[in-house]
Amino acid sequence: MTARRWVQIAAPISLLALWQIAVSTRLLNPGLFPPPTAIFENFIAYARSGELAVNAYWTLSRLLVGLLIGGIPGTLLGLAMGMNGWVRAYFGPVIALLYPIPKIAILPLFYFLFGTGEAAKWAAIAVGVFFLMAINTEAGVRQIETIYLDVARAYRIRPGSFFFRVLLPGALPNIYAGVKLSIGIGIVLAVAAEYQLTRVGLGFAIFNAQQILDVERLYAALVAVSLLGFGLSAILDLLEARVMPWRAHRTDERSVSGNQAAKV
Amino acid sequence: MASIGVEHLTKRYPNGTVALDDVNLEIADNEFVAIVGPSGCGKSTLLRIMAGLDAATEGRVVVEGAVSKKPELPSATVFQEASLFPWMRVDENVAFAFDSLGVPRDEIARRVRDVLGLVGLGGYERAWPHELSGGMKQRAAVARAFVTDPPVLYMDEPFGALDEQTRVGLANELMRLWERSPKTVVFVTHGIEEAVTLADRVVVLSARPGSVKEIVPIAFPRPRDAVALRGDPAFGVHVVRLWELLR
């Protein structure tokens with residue numbers, strides 16, 4: 001293991017240790033900030049009872065449905081906007097106007113439109129993801145170097161091949177970054193949507209713990225949300241070299257810091 | 001089989017700049033023509049218009065050739081910059097030239113393998129472009145241009161970004177390929193010696209707006225060798241003549 005890997009592991013552990021010390025020395029109020037050891041115990045009990053798995057399953061499945069129904073149209077619109085100036089002229093300002101609207105604030109609108117069942121929750125996640133994917137994909141298409149478009153024209157590349165073998169792989173690094181961001185936003189939206197009109201999901205668990213003032217369970221559920229997001233982005237990081245094998249050398253040699261953060 | 005006629009070609013940009021002013025040029029079938037000129041004279045613009053990548057404001061480019069029965073591209077283009085798709089392996093990049101031609105898969109594979117062998121990239125079929133040196137990347141780009149055996153080849157300063165030794169080596173390889181499968185070549189370069197080495201005729205463009213200033217025939221017998229040619233007194237005479245025309 002490299003020295004950097006050790007730093008990565010040490011970071012959360014050291015912060016947790018600081019927290020533990022702050023609570024045991026009464027610097028932090030244990031009523032509001034239970035010690036990490038107590039949260040850990042509660043988390044284990046939460047997992048053993050089977051509730052954690054059920055809640056995580058519901059949140060994860062809502063997230064995945066929302067990612068698909070929002071992400072695919074968002075990616076397609078982003079591709080169209082990147083390729084065609086007219087599409088960009090029409091949708092660009094609309095997206096810029098709608099993107100900052102907090103989806104949580106318009107959740108009642110989704111209930112009105114899609115009923116009080118699952119569909120409204122999917123819609124809330126999907127809408128958030130849609131904008132992110134459209135914006136990232138458009139940027140991805142527009143950063144494809146002109147030379148590749150020249151080559152495609154010079155060699156009379158067919159429209160289908162152009163789409164699947166030039167446009168899509170050319171924009172893929174940005175699309176992939178968009179998916180990573182979408183997972184983060186999607187989890188936030190899924191958990192928020194679970195505050196209402198459901199009895200399952202990590203969001204409901206958080207809401208319920210707040211209602212009955214079970215602070216340790218509240219934190220245990222927050223830990224579950226955090227681990228869910230962490231796990232999903234870890235999977236995406238692992239898959240990245242397989243999805244974009246021509247870029248594998250970049251992540252090896254360069255540190256992820258400047259280069260990728262700047263793109264996001 | 002293709003001869004090219006450039007007729008009264010003018011390129012004006014919307015801001016009023018005239019890049020090319022009434023360019024006229026006749027290029028014979030299987031002729032190797034080099035185009036040189038002061039930087040900014042519009043030689044790359046001329047090539048891009050000939051290759052169908054840019055539109056002319058006035059005038060036209062006429063390509064005449066026997067109608068071929070085999071599926072082929074009307075022309076292929078080699079660019080100065082790294083133009084291999086980074087997301088395709090070397091053999092996929094070369095095979096991509098067949099995209100619109102409907103050639104059977106196994107024949108594509110055979111021809112890709114053959115041409116990569118000819119440009120000295122045998123064994124690098126499955127490499128990614130980023131794993132190749134600058135010279136190897138341009139060899140692969142030349143392979144992509146030759147693999148479908150088109151009647152016309154446009155080359156836009158293809159070796160311009162390479163060091164001198166690599167350039168001379170690639171000039172020799174290009175001539176070997178061209179002798180094996182003759183085609184009409186239009187080769188834009190800022191290298192005077194490179195133009196004299198390769199071409200049957202060197203077209204000298206004037207400074208902006210570009211127009212044909214002079215056409216210098218280079219009568220060295222073929223096959224030529226890029227290194228041996230430099231010892232020929234006539235080589236130096238041509239080079240000096242071209243330098244003077246470019247002043």
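This is a predicted model: local features need pLDDT of at least 70, side-chain atom pairs count only at pLDDT 80 or more; totals for chains, interfaces and linings use all residues.
**Chain A, overall**

Orient the view along the principal axes: the C-alpha atoms of chain A fill a box of roughly 70 × 55 × 30 Å. Colour by burial next; 32% of the 264 residues of chain A count as buried.

Select residues 1-41 of chain A for domain 1, then 51-252 together with 259-263 for domain 2. The centres of the two domains, taken over C-alpha atoms, are separated by 31 Å. Where they touch, 5 residues of domain 1 are in contact with 5 residues of domain 2. The domain 1 side of this contact is made up of 4 nonpolar residues and 1 polar residue, with no charged residues.

**Helices α2 and α10 of chain A**

Now select residues 36-48 of chain A, which form helix α2, and residues 215-243, which form helix α10. A pair of packed helices is described by the distance between the axes and the angle between them. Here the axes come within 8 Å and cross at roughly 75 degrees. Angles of 65 to 115 degrees count as roughly perpendicular, so α2(A) and α10(A) are roughly perpendicular to each other.

Show side chains at the crossing. From α2(A), display A:Ala38, A:Ile39, A:Asn42, A:Phe43 and A:Tyr46. They meet A:Glu216, A:Arg217, A:Tyr219, A:Ala220 and A:Val223 of α10(A). By class, the residues of this contact are 7 nonpolar, 1 polar and 2 charged.

**Where chain A meets chain B**

Bring chain B into view. At the interface, 15 residues of chain A are in contact with 17 residues of chain B. On the chain A side, select α7 (146-154) and α8 (159-193), each of which supplies at least two residues. The most comes from α7(A), with 6 residues.

**The largest nonpolar core**

In soluble globular proteins, nonpolar side chains tend to be buried together. The largest nonpolar core in this model has 127 residues. Select B:Val33, B:Ala34, B:Val94, B:Ala143, B:Phe187 and B:Val202, the residues with the most contacts inside this core. Then select residues 118-142 of chain A, helix α6, which gives the most to the core, with 15 residues.

Centre on B:Phe187. Leaving aside neighbours within four places in sequence, B:Phe187 is in contact with B:Phe32, B:Val33, B:Ala34, B:Met155, B:Leu198 and B:Ala199.

**B:Asn172**

The last stop is B:Asn172, in helix α5 (residues 164-180) of chain B. Is B:Asn172 buried or partly exposed? A residue needs 20 or more C-beta neighbours to count as buried; B:Asn172 has 18 inside 10 Å and therefore counts as partly exposed. Leaving aside neighbours within four places in sequence, B:Asn172 is in contact with B:Asp225 and B:Ala226. Finally, draw a distance between the C-alpha atoms of B:Asn172 and B:Leu198: these residues are 26 apart along the chain, and the separation is 8.4 Å.

Note on methods. Residues are numbered from 1 along each chain as its sequence is written. Chains are lettered from A and ligands numbered from 1 in the order in which they are written. Two residues are in contact if their C-beta atoms, placed from the backbone, lie within 7 Å. Helices (H or I, at least four residues) and strands (E, at least two) are DSSP runs, numbered from the N terminus. Domain bounds come from an automatic or database domain assignment. Ala, Val, Leu, Ile, Met, Phe, Trp, Tyr, Cys and Pro count as nonpolar, Asp, Glu, Lys and Arg as charged, and the others, Gly among them, as polar. Axes are lines fitted to C-alpha atoms, for helices over the stretch in contact, and angles run from 0 to 180 degrees between N-to-C directions. Angles under 35 degrees count as roughly parallel, over 145 as roughly antiparallel, 65 to 115 as roughly perpendicular and the rest as oblique. A nonpolar core is a set of buried Ala, Val, Leu, Ile, Met, Phe, Trp, Tyr and Cys residues joined through C-beta atoms within 7 Å. A residue is buried if 20 or more other C-beta atoms lie within 10 Å of its own, exposed if 12 or fewer, and partly exposed in between; C-beta atoms are placed from the backbone.
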